[in-house]
Amino acid sequence: MSESTEHQQQNAPRKERREVGDLFSGGRLLAIPRRAARREQLLVHLAETLFAVDREYTEPEVNDALRTVHEDCSALRRYLITSGLLTRTRDGSSYRRSTTTR
């Protein structure tokens with residue numbers, strides 16, 4: 001592996017974090033990205049930072065966690081479910097962070 005390729009790989013996680021950070025101002029999400037790849041990057045960040053893997057959440061708890069970053073918690077919750085980052089019981093009574101790796 002060339003030195004420049006190795007350097008790029010080492011810096012990739014830092015660049016990714018910076019890009020996600022660019023979506024926030026004062027800890028608040030400026031807007032939900034329209035581009036699917038950018039939105040997916042945000043959703044992974046939100047799932048990892050707001051929800052523990054080994055815990056069940058009620059819908060109000062999920063909404064409260066998401067409201068800490070953006071008022072449209074229902075859109076963020078739907079995106080997290082459809083992306084598979086959060087799972088929901090059939091009756092909608094509880095949510096869990098997915099344990100599958102991407």
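Start by selecting serine 94. At 11% relative accessibility, serine 94 counts as buried, because the cut-off for buried is under 20%. Keep in mind that this is a predicted model.

Look at where serine 94 sits: in the loop between strand E4 (86-88) and E5. Now show its surroundings. Leaving aside neighbours within four places in sequence, serine 94 is in contact with Glu56, Tyr57, Thr87, Arg88 and Thr89.

Next, select tyrosine 95. This residue lies in strand E5 (residues 95-97). Is tyrosine 95 buried or exposed? Its relative accessibility is 0%, so tyrosine 95 counts as buried.

Display the contacts of tyrosine 95. Beyond its neighbours within four places in sequence, they are Arg55, Glu56, Tyr57, Thr58, Glu59, Val62, Arg77, Ile81, Thr87 and Arg88. Zoom in on glutamate 59. Which kind of contact links its side chain to the side chain of tyrosine 95? A polar contact, at 2.8 Å.

Phenylalanine 51 and tyrosine 95 are 44 residues apart along the chain. Their C-alpha atoms are separated by 9.8 Å.

Then move to helix H2, residues 36-50. Draw a distance between its end C-alpha atoms: they are 20 Å apart. Why does that agree with expectation? At 1.5 Å a residue, the 15 residues of H2 should span 21 Å, so the two values agree.

Finish by colouring the buried positions of H2. These are Arg38, Arg39, Gln41, Leu42, Leu43, Leu46 and Ala47.

Definitions and conventions. Residues are numbered from 1 along each chain as its sequence is written. This is a predicted model: local features need pLDDT of at least 70, side-chain atom pairs count only at pLDDT 80 or more; totals for chains, interfaces and linings use all residues. Side-chain values use heavy atoms; hydrogens and water are left out. Helices (H or I, at least four residues) and strands (E, at least two) are DSSP runs, numbered from the N terminus. The expected span of a helix is 1.5 Å times one less than its number of residues. Buried means under 20% relative accessible area, exposed over 50%, partly exposed in between (1.4 Å probe, protein chains only). Contact means heavy atoms within 4.5 Å. A polar contact is a pair of N or O atoms within 3.5 Å; within protein, one must be able to donate a hydrogen and the other to accept it, and residues adjacent in sequence count only if both atoms are side-chain atoms.
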